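Dear colleague,

I am passing on the structure below, together with notes on what turned up when I went through it. Please read the notes with the coordinates open beside you.

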Amino acid sequence: MSTATARKIRVVVAKPGLDGHDRGAKIIARALRDAGMEVIYTGLHQTPEQIAETVIQEDADAVGLSILSGAHMTLVPKVVELLAAQGVDDVLVTVGGTIPAEDIPELKKLGVAEVFTPGAGTDDIVDFIRDNAAERDDV
Amino acid sequence: MAIEPRDKPAYKEREAEFSTMSGQPIAPLYGPEHAPADPEETIGTPGEYPFTRGPYPSMYRGRLWTMRQFAGFGTVEETNERFHYLLDHGQTGLSTAFDMPTLMGYDSDHVRSLGEVGREGVAVDTLDDMEQLFDGIPLGGVTTSMTINAPAAILLAFYVLVGEQQGVPPEKLGGTIQTDILKEYIAQKEWCFPIEPAMRLVTDMIEWCAENMPRWHPVSISGYHIREAGSTAQQELAFTLKDGFTYVERALERGLDVDDFAPRLSFFFNAHIDFFEEIAKYRAARRIWAREMKETYGAKREESMRLRFHAQTAGVSLTAQQPLNNVVRTSLEALAAVLGGTQSLHTNSFDEALALPTEEAVRVALRTQQIIALESGVANTPDPFGGSWFIEKLTDEMEEAAYDYFRRIDEVGGMVEAIRQNFPQREIADASFRFQQELNERRRIVVGVNDFTQDDEEPTPILRIDPALERKQTDRLAATRASRDGAEVEKALAELKRAAATEENLMPPIIAAARARASEGEMIAAMQEVFGTYTESPVF
C-alpha cells in the first residue's frame, strides 16, 4: 500500500567567515527554493563548526558554501573535515564565489563536488544539485 | 503646432519594450513634451541651488575630480608600497581598504580571523600598524579616505595620532572615513554592535569632527554597497539619501546646528553600466538633498545643501569571463560618473572579478581616468547633458521613485525601523533576483557571460596573497602587546567602557586607548560589553 514518497532535497546555503557579500548566496537560495528544494540559509558570519552543525541538524542532502573573501582555502577544508569527523559522508558539498581556477582541483581533491565561479548560471547550479544530491527516500 | 505624442513607437522596433537595467521604461523618443515644467527651478545653474547641474559653478574647468584608487592588501608594508606606487603614478588622494577582521572589529589573532587576515584589504590592529601604513606619506599634504564603518571611530583615532606624530594637528587633516553604519545593516553586513549604539557612535564622530576636524568628512553616506548587493539605481538613491537624512536627524537631536555639520557630510555612489540612468541618479541625488536640507532640516548655508560625492565603478558588473572586456565596462561607468559630476572616482581593475587587482590592472584603471580627464574633452564644460529632454526626464523619474521610497519608509516609522523590519533588505533581494532571472532568460545580455561566450580562454594572472602574512601580522600584534604598558591599556579600556555606559562622546576615550596602544579588537570588545552585538534574521 504505502509507497516511498520522494523527499524534497534539503540544502543548506552557508556564508562561512567574515565575508558580507551575500547577493549570490541569496539568489542561489531563492533559485533552489523556487526549484522545489527545502533551503536553509544560515545567514552571515558562520564558523565552520556552526555550518557543520547546521548540516547535521537539518539532515541536509547538500551544502553550498559561498565565499568571496579569499579565505576559501582555510574555511572549506575545515567544513569538510568537521563533517567527515562526524561521520557525514553523503552530503554533497559545493562552493561558490571568487575562487581562482588553480584552487579548484585542490578543493575537489578534498571532496568538494563542484565549484561555481562568477557568471555561473543559477539553472546550472540547480540542475547540478538536483542531479547529484544523494537520492534519499523517506519510507 | 501640435506636439505628436511619442509614447507609442512610430516604427518597428527591436524589442517589445525598452527599459533601463533597473526597469525604468524608456519611451521611443524624447522631445519637448518631456521637458520639465519649470527648468529655472529644477535644473538651474551649476554651483547654485538646487545643484542639479553640479555642486560647483565651473566644475572640471576649475578642478578635475580626485582620482582616488582604493587600495589595501596584505600587511601594512605592502599597502604602504602600493600607496607610494599610486602617488608616484599621478594619483591625487589615498583610499584605504581594510581586511575583513579589521572591518568586523576582530584582531588578527582572533580565532574568527583565521584565513582572512590581509585577504581583502590591509590588516590594522593597533596604532603601530597605522604608523607603518602611512610611513613616508605627509598627512598634511594628502587627503585620505578610509573605508570602515562599525569600528570607524577607532581608525579615525589611529589616524589622528599618526598626524600628531607628524606634527599635523587634527584641524589640518583632510579626508573621509565611511562610518555609514545603516548601509551595513542594509547591504554590506559588517557590524559590531546593535543599531542604536552604532548610531550613537556615528553621531559622536559627527559631533567630534564638527569641533575638531573641520577638513574631515566624518561620514560618507554610501549607496555603493547597496547597489553591489543587487539593488536598482532607484533603491540605491532612495536608501542612501534616507540614511543621510537619518544621520542629520540624529545630529539635530544631539543639539548640533545643521550648518555646523552638514557641510562635512559627503556621499559615495556606484557607477553602474546603464549610462544615462546613472547620470540621472547623480543629478537627482543633488537636487533632492539640496531641497530636503533646506526645506526640511532648515539649512541656511549653501554648503549644507550641496551634495558632493565619490563614485566607484560597479564591481558587480565585472565578469570573470574575458576579463579585458572589463576595461570597456569600467570606462563607460567612469564616464557616467564624470558626466554626472563626481568629485572623486575609483575605477575598478579588469581582473577584480577574479581576485584583488595586480599592479598592471590597477595602472590601466588609473590611466582610464586620466584618458577621460585629459583626452576625451568631456571635462571641458559642466553638466553637458543639462537640458537634454531624455536626461531631464530620467532625472525627474529618478526623483519620483526616491520620494516614493521615502514615503514607504516613513510609513513603517523611519529608516532604523525599516531596517529592523528587513524592508530595504527585502526590496534589494527581490531586485537582485529579478535581474538574475532576466539574465537567465537572456532578456538582458552580459557579453561573454550569457552571450558571445568563449571556451578557450587564457588564464589571467592574478594577485595571490601570501598565506605567511597572517603569521607576520599576528607576530607584529604580539610584539605590540608585549612592549606596551599593560596597566595603562587596562585603565584606558576601563575608562572607555565606563564612558560607553554614559552619554559622553566616545571619541576622547577611544583616542586615549589608541594612544595607549590598545588594539582595535580590545576596544570593540570593551564597548560590546556595554552595547552587546548584532545578529540579523536574513531574508532571501
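Between the two chains, 27 residues of chain A are in contact with 32 residues of chain B, where contact means that the C-beta atoms, placed from the backbone, lie within 7 Å. On the side of chain A that touches chain B, helices α1, α3 (72–85) and α5 (122–132) of chain A each supply at least two residues, and α1(A) gives the most, with 5 residues. By type, the residues on this side of chain A divide into 10 nonpolar, 11 polar and 6 charged, with Ala, Val, Leu, Ile, Met, Phe, Trp, Tyr, Cys and Pro counted as nonpolar, Asp, Glu, Lys and Arg as charged, and the others, Gly among them, as polar.

Please bear in mind that this is a predicted model, in which local features need pLDDT of at least 70 and side-chain atom pairs count only at pLDDT 80 or more, while totals for chains, interfaces and linings use all residues. Residues are numbered from 1 along each chain as its sequence is written, and chains are lettered from A and ligands numbered from 1 in the order in which they are written.

In chain A, 5 strands form an open parallel sheet in the order β3-β2-β4-β5-β6; helices (H or I, at least four residues) and strands (E, at least two) are DSSP runs numbered from the N terminus, and two strands pair if DSSP finds at least two bridges between them. The edges are taken by β3 (38–41) and β6 (114–116) of chain A, each of which has a single partner strand, so one side of each is left without a neighbour in the sheet. From one strand to the next the twist averages 20°, the axes being lines fitted to C-alpha atoms (for helices over the stretch in contact) and the angles running from 0 to 180 degrees between N-to-C directions.

Strand β2 (residues 10–14) of chain A is joined to β4 (residues 62–67) of chain A by 4 bridges, and A:Val12 has A:Val63 as its bridge partner in β4(A). Helix α1 (residues 23–34) of chain A packs on the sheet, touching β2, β3, β4 and β5 (92–97) of chain A, and its direction makes about 160° with that of β3(A). Both faces of β2(A) are covered, with A:Arg10, A:Val12 and A:Ala14 buried on one side and A:Val11 and A:Val13 buried on the other; a residue is buried if 20 or more other C-beta atoms lie within 10 Å of its own, exposed if 12 or fewer, and partly exposed in between. Strand β2(A) also pairs with β3(A) over 4 bridges in the parallel sense, and A:Tyr41 is the partner of A:Val13 in β3(A).

A cis peptide bond, with omega about 0°, joins B:Tyr49 and B:Pro50, and B:Pro50 sits in the loop between α1 (39–42) and β1 (66–67) of chain B. A:Asp59, in the loop between α2 (48–57) and β4 of chain A, has a positive phi of about 50° although it is not a glycine, and with 12 C-beta neighbours inside 10 Å it counts as exposed. B:Gln322, in the loop between β9 (309–313) and α13 (325–339) of chain B, has a positive phi near 45°, and with 17 C-beta neighbours inside 10 Å it counts as partly exposed.

With best wishes
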